[in-house]
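Student: I have a structure to read and I am new to it. Could you take me through the terms as we go?
Tutor: Gladly. Ask me what each label rests on.

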Amino acid sequence: MSSEPEPVVTKRQVLYCGVCTLPPEYCEFAASRKKCEEWLKDTHPEEHARLYNDQAITQKLAMTTLSEGRVAKEAAKMEKAMSKEEARMARELEKKMASKVVIKRAERNKRKCVTIVLGLDVFGVDLKKTAKTFANHFACGGSVSKNPQGLDEIVVQGDFSDEILELIHKNHPEVPRDNIELTEEKKPKKAAP
């Protein structure tokens with residue numbers, strides 16, 4: 001046993017970017033560099049001043065050893081990556097706005113019916129948690145299953161289409177009201193022999 005005191009270990013708080021999830025020192029290498037810089041300026045102005053003031057930028061430039069031609073190529077490459085990232089985000093937003101959430105009531109056998117919710121996953125909603133929320137709220141069975149097209153859907157036992165619509169509006173404001181559709185699916189009746 002030694003008489004030397006143990007060194008004190010302290011936790012270090014690390015700041016992560018809200019846009020690219022990297023530490024702010026590495027945001028300059030992300031495709032969304034400008035958005036990262038705006039986020040840092042809005043949320044942590046002292047850190048932004050430390051990383052993006054004139055002195056820090058000239059110090060970073062002094063440390064680089066790239067030739068002028070290579071610097072231009074790297075800048076063009078970063079600009080291209082940023083434009084691709086912005087285009088991807090625009091396509092994703094357009095896809096979200098064009099997609100529909102379908103709530104349909106389907107008859108199983110005789111008077112039994114289920115409510116099926118399709119398309120919530122496009123808006124970033126966790127289907128398993130939402131199915132559990134529906135099941136707990138309505139005191140019935142609720143699960144996530146794949147439909148014949150291979151898409152995930154939430155199946156809730158019982159006719160709760162209107163209530164599910166209101167619950168989606170309440171719990172998931174990221175889903176626009178205009179993108180939700182209520183439909184009813186009936187089984188075709190068999191012809192008598």
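Student: Why is Phe-138 called buried?
Tutor: Its relative accessible area is 13%. Buried means under 20% relative accessible area, exposed over 50%, and partly exposed in between, with a 1.4 Å probe and protein chains only. So Phe-138 is buried.

Student: What kind of model is this, and how are residues numbered?
Tutor: It is a predicted model, where local features need pLDDT of at least 70, side-chain atom pairs count only at pLDDT 80 or more, and totals for chains, interfaces and linings use all residues. Residues are numbered from 1 along each chain as its sequence is written, and side-chain values use heavy atoms, with hydrogens and water left out.

Student: How do you know whether Phe-134 is buried or exposed?
Tutor: Phe-134 has 2% relative accessibility, so it counts as buried.

Student: What separates Phe-134 and Phe-138 along their helix?
Tutor: They are four residues apart in helix α5 (residues 127-138), so about one helical turn lies between them. Helices here are DSSP runs of H or I with at least four residues, strands are runs of E with at least two, and numbering starts from the N terminus.

Student: What makes two rings an aromatic pair?
Tutor: Rings of Phe, Tyr and Trp (its six-membered ring) pair if their centres lie within 6.5 Å. Planes under 30 degrees apart count as stacked, over 60 as edge-to-face, and the rest as tilted. The rule gives two aromatic pairs here. For Phe-134 and Phe-138 the centres are 6.4 Å apart and the planes stand at 40°, so this pair is tilted.

Student: Why is the pair of Phe-138 and Phe-160 called stacked?
Tutor: The planes make 10°, and the centres are 4.4 Å apart. Phe-138 lies in α5 and Phe-160 in the loop between β4 (152-157) and α6 (161-171), so the pair ties together parts that are 22 residues apart in sequence. Ring pairs link Phe-134, Phe-138 and Phe-160 into a cluster.

Student: Why is strand β1 described as largely enclosed?
Tutor: Six of the seven residues of β1 (residues 101-107) are buried, so the rest of the structure largely encloses this strand.

Student: How do you know which strands pair with β1?
Tutor: Two strands pair if DSSP finds at least two bridges between them. Six bridges join β1 to β5 (residues 180-185), running parallel. Six bridges also join β1 to β2 (residues 113-118), running antiparallel. Val-101 stands opposite Ile-180 in β5, and Val-102 opposite Leu-118 in β2.

Student: What makes β3 and β5 edge strands?
Tutor: The open sheet has five strands in the order β3-β4-β2-β1-β5, with mixed pairing. β3 (142-146) and β5 each pair on one side only.

Student: Where do α5 and α6 lie?
Tutor: α5 lies across β2, β3 and β4, at about 10° to β4. α6 packs on the sheet and touches β1, β2, β4 and β5; its direction makes about 165° with that of β5. Contact means heavy atoms within 4.5 Å. Axes are lines fitted to C-alpha atoms, for helices over the stretch in contact, and angles run from 0 to 180 degrees between N-to-C directions.
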